[in-house]
Amino acid sequence: MIDYENLKKLNQPFFDAFRESFNNTLEGGWYILGNNVAVFEKEFAAYCNTSYCVGLASGLDALSLALKCFDFKPEDEVLVPSNTYIATILSIIQNDLKPVLVEPDIATYNIDPKLIEEKITSRTKAIMVVHLYGKVCDMDPIIHLANKHQLKIIEDCAQAHGAQYKGKKAGNFGDFGAFSFYPTKNLGALGDAGAITTNDAGLSDQIRTLRNYGSRIKYVNELVGYNSRLDEVQAGFLSLKLKHLDDINSHKRKLASYYLQELGSDFVLPKVDPDFFDVYHIFNIRHQRRDQLRDYLLQNGVKTEIHYPVAPHNQEAMKGIIEGEYPISTEIHNTTLSLPISYFHNEEDIVKVTKLLNNF
Ligand SMILES: *Cc1c(COP(=O)(O)O)cnc(C)c1O
């Protein structure tokens with residue numbers, strides 16, 4: 001059986017280092033906002049080429065706290081791709097803002113810059129771009145529109161650690177980059193964790209204050225804050241794994257290039273473009289008989305996933321919040337299939353999956 005993902009196998013190469021790191025934290029006796037978090041923040045900012053990084057409790061918190069840094073009013077509108085993971089949309093709703101969905105480009109699965117302007121109203125305040133599956137959005141036209149209409153840009157980088165557009169890494173294009181280190185992400189912890197990147201000293205300071213009860217100085221509260229701190233134990237693990245992130249990404253890119261070369265024309269494959277350095281958090285194909293294809297692969301010992309089976313506008317929780325039809329999004333959700341592409345998979349696995357697919 002070829003698993004879609006296996007977190008034990010994925011982390012096995014780091015077990016000894018993790019044990020040592022855990023022991024050091026345990027013995028150190030400092031468990032919240034200590035040296036591990038400070039060190040990881042420096043290292044991750046350096047990795048992303050941003051001036052600042054602030055460690056947080058999760059990717060959702062990163063998105064949500066980002067929106068709190070601007071004085072948006074209730075019912076102000078935030079543009080967001082219609083095919084994103086639900087967390088992006090939840091962060092908007094949690095801030096009493098209105099998510100306005102923009103359809104993706106069916107070729108890249110990322111927000112279609114050509115469809116943005118028609119959704120902008122006098123209440124539009126921000127664009128939340130999502131670098132889905134590990135491909136950065138087409139940022140030049142998006143930045144142009146944001147400047148023209150004075151919109152903030154928040155990047156959802158949860159699937160794009162190390163991904164690049166025109167030589168620049170995710171997390172550098174907007175006011176904020178929001179990262180998740182959920183265990184399955186390209187840079188994954190052993191529990192929940194997240195971070196924000198920014199090149200703005202003031203915004204970095206605001207996030208740092210918000211994550212810790214709105215307090216810069218102990219027991220002095222300047223802002224209505226939250227508890228969203230990156231955990232010391234997780235930060236220790238993340239520092240270790242960050243050293244291998246480029247290796248993890250290049251491994252995934254190697255497996256992806258095999259799929260791209262060898263898969264037959266029956267399958268709609270991810271788009272490749274020299275301006276984009278994709279890190280394939282997810283390698284998705286599309287097929288009209290997706291469900292049969294998935295069953296066939298499973299019967300032949302290959303597990304796959306669907307990212308995602310239900311579009312946000314069709315979710316029960318979004319009734320009364322999201323209105324309208326999103327046919328491109330619906331088409332993607334009906335036909336997309338995610339193939340095995342983890343750090344622990346080897347080329348033999350991919351050869352096997354590819355052969356099966358081509359025989360379908
Ligand atoms: C994983 C993910 C999130 C949420 O991250 P958590 O750390 O689970 O809160 C947000 N957006 C996208 C696109 C994701 O893939």
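1. The shell around the ligand divides into six nonpolar, five polar and two charged residues. In this grouping Ala, Val, Leu, Ile, Met, Phe, Trp, Tyr, Cys and Pro count as nonpolar, Asp, Glu, Lys and Arg as charged, and the others, Gly among them, as polar. The model is predicted: local features need pLDDT of at least 70 and side-chain atom pairs pLDDT 80 or more, while totals for chains, interfaces and linings use all residues. Residues are numbered from 1 along each chain as its sequence is written, and side-chain values use heavy atoms, with hydrogens and water left out.

2. In total, 13 residues surround the ligand, a residue being near if one of its heavy atoms lies within 4 Å. The closest are Gly-59, Leu-60, Asp-156, Ser-180 and Lys-185.

3. One is 2.6 Å from a side-chain N or O atom of Ser-180. For Gln-159, a side-chain N or O atom lies 2.8 Å from a ligand oxygen. Taken alone the ligand exposes 380 Å², of which the protein buries 91%; accessible areas come from the Shrake-Rupley method with a 1.4 Å probe.

4. The ligand takes up the space of the largest pocket. A pocket is here an open set of points on a 1 Å grid over the protein atoms alone, where a 1.4 Å probe fits, with protein on both sides within 12 Å along at least five of seven lines. A molecule sits in a pocket if more than half of its atoms lie within 2 Å of its grid points. Helices α4 (59–68) and α5 (86–94) are the elements giving two or more residues to the shell around the ligand; helices are DSSP runs (H or I, at least four residues) and strands likewise (E, at least two).

5. The count of salt bridges comes to 15, taking a side-chain nitrogen of Lys or Arg within 4 Å of a carboxyl oxygen of Asp or Glu. Arg-211 pairs in this way with Glu-41, the closest N and O atoms being 2.8 Å apart. This pair links distant parts of the chain, 170 residues apart: Arg-211 is in the loop between α7 (201–210) and β10 (215–217), Glu-41 in helix α3 (residues 35–48).

6. Two backbone points remain. The peptide bond from His-307 to Tyr-308 is cis, with omega near 10°; Tyr-308 is in the loop between α10 (290–299) and α11 (327–335). Lys-166, although not a glycine, has a positive phi of about 50°, and lies in the loop between β6 (164–165) and β7 (168–169).

Note on methods: Polar contact = N/O pair within 3.5 Å; in protein donor to acceptor, adjacent residues only side chain to side chain. 1 Å grid on protein atoms, 1.4 Å probe; cavity = no way out; pocket = protein on both sides within 12 Å on 5 of 7 lines; lining within 4 Å.
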